[in-house]
Amino acid sequence: FRPVPRTMKSYSLSMAQPPRRFSVLHMDKNGYYGGESASLNLNDLFKKFQGKEKAPEDLKLGSSRDYNVDLCPKLLMACGNLVKTLLSTKVTRYLEFKSVAGSFVYKQGKIFKVPASGGDAWRSSLLGMMEKYRFKTFLDFVVQYDQKNAKTWPNKMDCTKTPMSEIYKYYKLGDNIQEFVGHAVCLYLDETYKGMPAHDTIERAKLYAYSVSRYGNSPYIYPVWGLGGLPEGFSRLCAVHGGIYMLNKPINKLHFEGEKIVGVESVDENGKDAVAKCKKGVLADPTYFIKDGKPGPEVKQVGQVARWICILDHPIPNTNNSDSCQIIIPSTQLKRKSDIYISCVSHCHNVAAKGHYIAMISAEVDAKDEAGAKGELKSAYSLLGKTKQEFFSVNPVFTSQSKDESGLFITESYDATTHWETTCTEVLSLYKRMTGKEVDLSIKADLDQE
C-alpha cells in the first residue's frame, strides 16, 4: 500500500495513470477532502480563521451552504497540463467548468486586460502605437513557431539555444511588453527566464494564446462549486479502481527498515495502534512533519505566503464588471522580489451567495507579523474596493529534504500563484520519480469532447 495524505497534489498523483498494479491508501488527519486545497463553507471559514461556530447573521453574507471558498485558490489553464491530466484520468466526468471572464495585469496603479491576439493588441491601451505593431509581429511568430521546422525560427536563431533576451531584442520588444509577456502571459515568477533558452517561453506564450482562443475571454477555467471538487473527483475515481480512504486519521509514526520506509502508523476504529504497510513508498505534504510548530528534519522552510480572502458584494473595479478574473502585479511594478496575485470568482461559479464575490490576494512576504504582511499587499488590496468580510493568514512554505531512495516523497507547500502551472510541473516530476515513467499527456485538452 501507498499511504497518501489528501492534498490536491497527492490526488492527481494517485490517479495520474489508472489503473496500476499497486493499491493506494489515502490517510488524512483532517475531516474534509483536499488539505490545503480544500473549499470551505462560510461557517467552516469563520471557524477556521476566527474560532466562531458560524458566520454572524448581522454581516448579511447569505447562507453558509452557498459558499465554497478555496483556501488556496488557483485557476486552470484551459489547454494546460492539469486539464490534460483530468481528461486522461476521466476525472472530468465528476466535474463541471466555467470560463474565467478576464485576465489582467497591473501597471502604474491601473489594471489592463492582457492582450493575447493581434486584435487585442490594437485595442489595448496598455500598448503604444509602435508597441502594438511589434507585439502583433511577435504573436504571429509565436503561433506559427515549430522547433522542428527551422523555417519558423526568427532570423535562423535556434530557440533551444538562444536566450529569450535575444528574441525580445530581435522583435524590438521593450520593457513594457517584456514585463507582461513574462509575468502575465508566460507566468514566470521572476526575470531569470530571460537568460534561459527561449523555447520554453515561446511554448508558454503559445499555450496562453491557444487557451484564450479556446474560450474567448481569458485562458483560464474554474470548476463550478470550487476547487474542492477536484480532490473529491480524484477520490471517487480512485475508489472505483480500489483505492481506500480514511479521514480523521492521525499519522503517529513512520516505520523504516534501514533508510527505506515500510509503513505508516495510525489508529484503527477502536483507537488502537495500527500500521499500514507500503511497497511503493509514501507521499505526504509538509504539514505532517511539523512538530510543536517547528519543521522536522524531513522538510525545510524556504519562505512564507500571505493569503487575504475578501468577500465583496461587487466585481473588482476596472475589470469590465467581470464575474471572475485574475490580476497579476509584476514584481517590477512595485520593486518587489516576487509578483502579487489576485483571483476572483463569484456566485456565478456557485462559490458564494447571490451577488457576492470571493477575491483572494496572495504573495510571498517577508514580514513576520500580520500588520507588516498586510502592508506589503496594500497596493493589491486597494484595487478591490469595499469589502464585507476578510480572512487573513500567513503560511510557511516548505520544501522536502528527503531522498527519493528512502521511498518518502514530500510535496512542496503551495506557492503564491493563482494558477496550477507550477503545481503541475511538480506533480509530473514526482510521478516520474516514484514510478520511473512519464505521465502520458498526449491527449487533446478539449473538455467539450469529454
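**Notebook: loops and helix packing in a predicted model**

I began with Asn 318, whose place is in the loop between strand S17 (299-312) and strand S18 (325-329). The model is a predicted one, in which local features need pLDDT of at least 70, side-chain atom pairs count only at pLDDT 80 or more, and totals for chains, interfaces and linings use all residues. Residues are numbered from 1 along each chain as its sequence is written, and side-chain values use heavy atoms, with hydrogens and water left out. For the element names I took helices (H or I, at least four residues) and strands (E, at least two) as DSSP runs, numbered from the N terminus.

**Entry 1: positive phi**

I noted that Asn 318 has a positive phi of about 65° although it is not a glycine. Most residues other than glycine have a negative phi. For accessibility I used these classes: buried is under 20% relative accessible area, exposed is over 50%, and partly exposed lies in between (1.4 Å probe, protein chains only). Asn 318 is exposed, because its relative accessible area is 63%.

I then looked up Lys 90, which follows helix H3 and has a positive phi near 65°. Lys 90 is likewise not a glycine. I placed Lys 90 in the loop between H3 and strand S6 (97-99). With a relative accessible area of 42%, Lys 90 is partly exposed.

**Entry 2: helix H3 against helix H9**

Helix axes are lines fitted to C-alpha atoms over the stretch in contact, and angles run from 0 to 180 degrees between N-to-C directions. The axes of H3 (residues 81-89) and H9 (residues 229-240) come within 11 Å and cross at roughly 30°. H3 is therefore roughly parallel to H9, given that angles under 35 degrees count as roughly parallel, over 145 as roughly antiparallel, 65 to 115 as roughly perpendicular and the rest as oblique.

I recorded the crossing of H3 with H9 as left-handed; that term applies if the near helix is turned anticlockwise from the far one by less than a right angle, and right-handed applies if clockwise. Taking contact as heavy atoms within 4.5 Å, I found Thr 85, Leu 86 and Thr 89 of H3 meeting Leu 230, Phe 234 and Leu 237 of H9. By class, the residues of this contact are 4 nonpolar, 2 polar and no charged. Here Ala, Val, Leu, Ile, Met, Phe, Trp, Tyr, Cys and Pro count as nonpolar, Asp, Glu, Lys and Arg as charged, and the others, Gly among them, as polar.

**Entry 3: helix H5 and its partners**

Which helix does H5 cross at roughly 45°? The partner is H7 (residues 175-185), and the two axes come within 11 Å. H5 is thus oblique to H7, and H5 passes H7 in a right-handed crossing. On the H5 side I listed Glu 131, Phe 135 and Phe 138, and on the H7 side Asn 176, Ile 177, Phe 180 and Val 181. The residues of the H5 contact with H7 divide into 5 nonpolar, 1 polar and 1 charged.

I next examined H5 (residues 129-144) with H8 (residues 199-215), which pack at an angle of about 95° with their axes 9 Å apart. H5 is therefore roughly perpendicular to H8. Phe 141, Val 142 and Val 143 of H5 meet Ile 202, Ala 205, Lys 206 and Tyr 210 of H8. I counted 6 nonpolar, no polar and 1 charged residues in the contact of H5 with H8.

**Entry 4: the loop between H2 and S4**

I found Glu 53 in the loop between helix H2 (42-50) and strand S4 (69-70). Glu 53 counts as exposed at 60% relative accessibility. Glu 53 touches Asn 43 and Lys 47, not counting residues up to four places away in sequence. For Glu 53 and Asn 43, which are 10 residues apart in sequence, I noted a C-alpha to C-alpha distance of 6.4 Å.

Leaving aside neighbours within four places in sequence, I list its contacts as Leu 42, Phe 46, Tyr 67, Ile 311, Ala 353, His 356, Lys 388 and Gln 389.

**Entry 5: Thr 418**

Last, I looked up Thr 418, in the loop between strand S22 (408-410) and helix H13 (421-435). Thr 418 counts as buried at 0% relative accessibility. Its contacts, beyond neighbours within four places in sequence, include Pro 73, Lys 74, Leu 75 and Tyr 341.
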